[in-house]
Amino acid sequence: MTKPGVAARLGAARIIGRVLRQGAYSNVLTNTALGDLSDEDRRFATSLVYGVLRNRAAVDSAVASRTADRKVESEVHDILRVAAFELGEGRTPAHAVVDSAVEAVRVAGKERAAGFVNGVLRALVRQPQAAWLDGDAPRDLRWSVPAWLLSRLDAQWGSEETERFLEASRDSPAIGMRLRKPVDVGAAVVECDVLGFSEAVYGTQLIDGAIVQDPASIAVGRAAAVLATDTVLDMAAAPGGKAIHLADLGPRRLIAADRHQRRVVTAAKRSRQAGHSFPWVVADGRHPPFRRGAFDVVVLDAPCSGLGTLRRRPEIKDRVQPEGVERLAAIQRDLLAAALSLIHPDGRVVYSVCTVTREETIDQVDGLNAAAPDGIPGMEWGNGVLLAPHITGTDGMFISIVRRA
């Protein structure tokens with residue numbers, strides 16, 4: 001019989017491996033790949049996955065300090081990562097962490113690595129507890145953020161604001177939901193009326209009939225201020241949460257578009273399940289198949305680096321590269337120019353991105369006829385408003401209302 005906690009640790013290690021080597025997303029796998037575990041073990045495994053990914057640079061540095069140049073098999077390395085994080089965190093007795101890691105290696109069929117794992121972790125135990133996670137570590141190691149990204153955030157915000165953002169991005173948020181109608185939420189809700197929006201809540205479990213959506217995303221639909229007479233285009237609409245919100249607001253006509261056919265099929269099915277039959281179109285927003293000036297409102301939630309979602313997907317900070325930000329910024333510029341061509345002279349574009357780099361946010365609307373939306377809480381930044389975990393307690397989101405010059 002497997003010792004208590006071993007299955008959770010091994011499950012966490014395997015998810016970490018898929019995230020780091022296969023490009024999977026932690027928030028998806030923690031919801032789908034731990035089904036064989038008890039509720040308690042699922043929660044424990046999830047905390048380990050996020051703990052390792054949020055502190056990956058520090059964890060890997062600790063493991064590397066005791067494995068030297070030795071080649072370590074991938075799954076064994078992931079088990080070491082989990083154990084190193086636990087040792088650095090200091091909540092579980094060190095002997096229990098070491099014993100469980102050795103047992104996890106054996107359960108994984110890596111018996112020959114058991115002695116090696118035991119030796120590495122016992123060497124880590126002899127280090128001052130959490131020395132590699134404390135405030136004396138270099139900033140990029142302490143925050144486990146690539147040096148280039150830390151430098152870029154410092155340049156746009158200053159080090160104090162940057163660290164507030166990174167600290168808040170380590171929190172584990174509850175489930176963000178949009179209530180489509182008044183319901184008795186009972187004990188399922190941990191926070192109501194987020195941002196002052198009565199339909200936006202954080203909860204511990206999905207409420208029947210609610211749409212899973214962070215309040216920062218709900219703010220985008222709010223910013224659109226759709227009227228019953230409006231013709232609306234959701235320009236990069238998949239996976240469909242914002243499109244459903246726009247439809248719920250009751251415009252005269254709504255069209256949703258996205259360039260990925262598979263995502264359009266899935267999103268269209270989701271919108272039908274929500275009770276809406278508005279058309280979905282497969283289209284590249286840079287070359288939209290619509291006539292100029294056809295819409296009152298275009299919502300452009302543009303593809304971006306996603307750094308505003310670090311609370312849910314901490315691995316993103318290790319995947320984003322400087323050249324990737326520049327590439328996305330160029331796409332965003334093209335999409336925004338196309339969106340502006342599709343609104344009539346008195347229309348408006350709602351530009352939003354769930355990230356925080358200035359290249360993808362304030363620089364995109366600089367010099368345009370743009371302004372922060374009315375009634376949306378957050379920090380005014382350039383010609384828009386920034387929501388972020390350290391500012392509004394939500395995911396990060398930049399929103400700007402752009403009109404034709």
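Select methionine 177 and then valine 201, its bridge partner in strand 3. This is a predicted model, in which local features need pLDDT of at least 70 and side-chain atom pairs count only at pLDDT 80 or more, while totals for chains, interfaces and linings use all residues. Residues are numbered from 1 along each chain as its sequence is written, and side-chain values use heavy atoms, with hydrogens and water left out.

Strands (E, at least two residues) and helices (H or I, at least four) are DSSP runs, numbered from the N terminus. Two strands pair if DSSP finds at least two bridges between them.

Valine 189 has glycine 203 as its bridge partner in strand 3. Show the side chains of strand 3 (residues 200-203): Ala200 and Tyr202 point one way, Val201 and Gly203 the other way, and all are buried. Buried means under 20% relative accessible area, exposed over 50%, and partly exposed in between (1.4 Å probe, protein chains only).

Next, go to strand 12 (residues 384-387). Gly384 and Leu386 on one side, and Val385 and Leu387 on the other, are all buried. Strand 11 (residues 379-381) pairs with strand 12 in the antiparallel sense over three bridges, and methionine 379 stands opposite leucine 386. The hairpin of these two strands has two residues between them, and in it glycine 382 takes a positive phi near 60°. Strand 13 (residues 397-403) is joined to strand 12 by three bridges and runs antiparallel to it; here methionine 397 is the bridge partner of leucine 387.

Move to serine 26 in helix 2 (residues 26-32). Is serine 26 buried or exposed? Serine 26 counts as buried because its relative accessibility is 0%. Its side chain and that of glutamate 315 are joined by a polar contact of 2.8 Å. A polar contact is a pair of N or O atoms within 3.5 Å; within protein, one must be able to donate a hydrogen and the other to accept it, and residues adjacent in sequence count only if both atoms are side-chain atoms.
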